[in-house]
Amino acid sequence: QVHLVESGGGLVQPGGSLKLSCFSFGTITDYNLGWYRQAPDKQRELVARITRRGDKAYGNSAKGRFTISRDNSKNTVTLQMDSLRSDDTAIYYCNAQLWNEDYWGQGTQVTVSQ
């Protein structure tokens, strides 16, 4: 029902900022949304989630630095990342979940380096 496409990844220096966007070809109003990431030799981990009601939750490493938001009218979910560190380097994935439905984007690479 939904097709997710991420954008906004790239190379940024430590301490810098980056904004990731995820666009859905299909309404996201009733879905819980999230951002996950996977670094080399690591498990995929939760970065941030936002429910259909707007409640937010963050992984420990993201608290105080990242902000998730959604715009149902535009079928988008965004992740504002500030104070980036080298260990934020990973492929970031957008996720939409509802009942037994679970959709993933293709991922976008974020590299934090001098």
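How do the residues of the lining of the second largest cavity divide into nonpolar, polar and charged? I kept that question in mind while going through this predicted model, and here are my notes, with the answer in the first point.

1. **The second largest cavity.** The lining divides into seven nonpolar residues, three polar ones and no charged ones. The space inside comes to about 30 Å³. Around it sit Leu 4, Cys 22, Phe 23, Ser 24, Ile 28, Leu 33, Asn 75, Thr 76, Val 77 and Cys 94. Two elements, β3 (18–24) and β8 (76–81), each give two or more residues to this lining. Of the elements, β3 gives the most, with three residues.

2. **The largest cavity.** A search of the whole structure turns up two cavities of 30 Å³ or more, and the largest has a volume of about 40 Å³. Its lining is made up of Arg 37, Gln 38, Ala 39, Lys 42, Gln 43, Glu 45, Asp 87, Thr 89 and Ala 90. Here the division is two nonpolar, three polar and four charged.

3. **Ser 24, on the lining of the second largest cavity.** Ser 24 is one of the residues that line the second largest cavity, and it lies in strand β3. Is Ser 24 buried or exposed? Ser 24 counts as buried because its relative accessibility is 1%, and the cut-off for buried is under 20%. Its side chain reaches the backbone oxygen of Gly 26 at 2.7 Å. Leaving aside residues up to four places away in sequence, Ser 24 touches Val 2, His 3, Leu 4 and Asn 75. Among these partners, Leu 4 and Asn 75 also belong to the cavity lining.

4. **The nonpolar core.** The largest nonpolar core has 28 residues, and those with the most contacts inside it are Trp 35, Leu 79, Met 81 and Tyr 92. At least two residues of this core come from each of β3, β4 (32–38), β5 (45–50), β7, β8, β9 (90–98) and β11 (108–112). The largest share, five residues, is supplied by β9.

5. **Arg 65.** This arginine is in the loop between β6 and β7. Arg 65 counts as buried, since its relative accessible area is 10%. Which residue has a side chain joined to that of Arg 65 by a polar contact of 2.8 Å? The partner is Asp 88. Not counting residues up to four places away in sequence, Arg 65 touches Gln 80, Met 81, Asp 82, Ser 83, Leu 84, Arg 85 and Asp 88.

6. **Leu 84.** Leu 84 sits in the loop between β8 and β9. Leu 84 counts as buried because its relative accessible area is 2%. Apart from residues up to four places away in sequence, its contacts are Val 12, Pro 14, Gly 15, Gly 16, Ser 17, Leu 18, Arg 65, Phe 66 and Val 112. Ser 69 is 15 residues from Leu 84 in sequence and 18 Å from it in space, C-alpha to C-alpha.

7. **Ser 61.** This serine also belongs to the loop between β6 (56–58) and β7 (66–71). Ser 61 counts as partly exposed, because its relative accessibility is 27%. Ser 61 touches Arg 37 and Arg 85, not counting residues up to four places away in sequence. The side chains of Ser 61 and Arg 37 are joined by a polar contact of 3.0 Å, and Arg 37 is one of the residues lining the largest cavity. Asp 88 is 27 residues from Ser 61 in sequence, yet the two are 8.7 Å apart in space, C-alpha to C-alpha.

8. **Two positive phi values to check.** Asp 41, in the loop between β4 and β5, has a phi near 65°, a positive value in a residue other than glycine. Trp 99, in the loop between β9 and β10 (101–104), has a positive phi of about 50° and is not a glycine either. Asp 41 counts as exposed because its relative accessibility is 86%. Trp 99 counts as exposed because its relative accessibility is 74%.

Technical notes:
Residues are numbered from 1 along each chain as its sequence is written. This is a predicted model: local features need pLDDT of at least 70, side-chain atom pairs count only at pLDDT 80 or more; totals for chains, interfaces and linings use all residues. Side-chain values use heavy atoms; hydrogens and water are left out. On a 1 Å grid over the protein atoms alone, a cavity is a set of points where a 1.4 Å probe fits but cannot get out, and a pocket is an open set with protein on both sides within 12 Å along at least five of seven lines; lining residues have an atom within 4 Å of a point. Grid points are joined across faces, edges and corners, and a volume is the space filled by probe spheres set on the points. Ala, Val, Leu, Ile, Met, Phe, Trp, Tyr, Cys and Pro count as nonpolar, Asp, Glu, Lys and Arg as charged, and the others, Gly among them, as polar. Helices (H or I, at least four residues) and strands (E, at least two) are DSSP runs, numbered from the N terminus. Buried means under 20% relative accessible area, exposed over 50%, partly exposed in between (1.4 Å probe, protein chains only). Contact means heavy atoms within 4.5 Å. A polar contact is a pair of N or O atoms within 3.5 Å; within protein, one must be able to donate a hydrogen and the other to accept it, and residues adjacent in sequence count only if both atoms are side-chain atoms. A nonpolar core is a set of buried Ala, Val, Leu, Ile, Met, Phe, Trp, Tyr and Cys residues joined through side-chain atoms within 4.5 Å.
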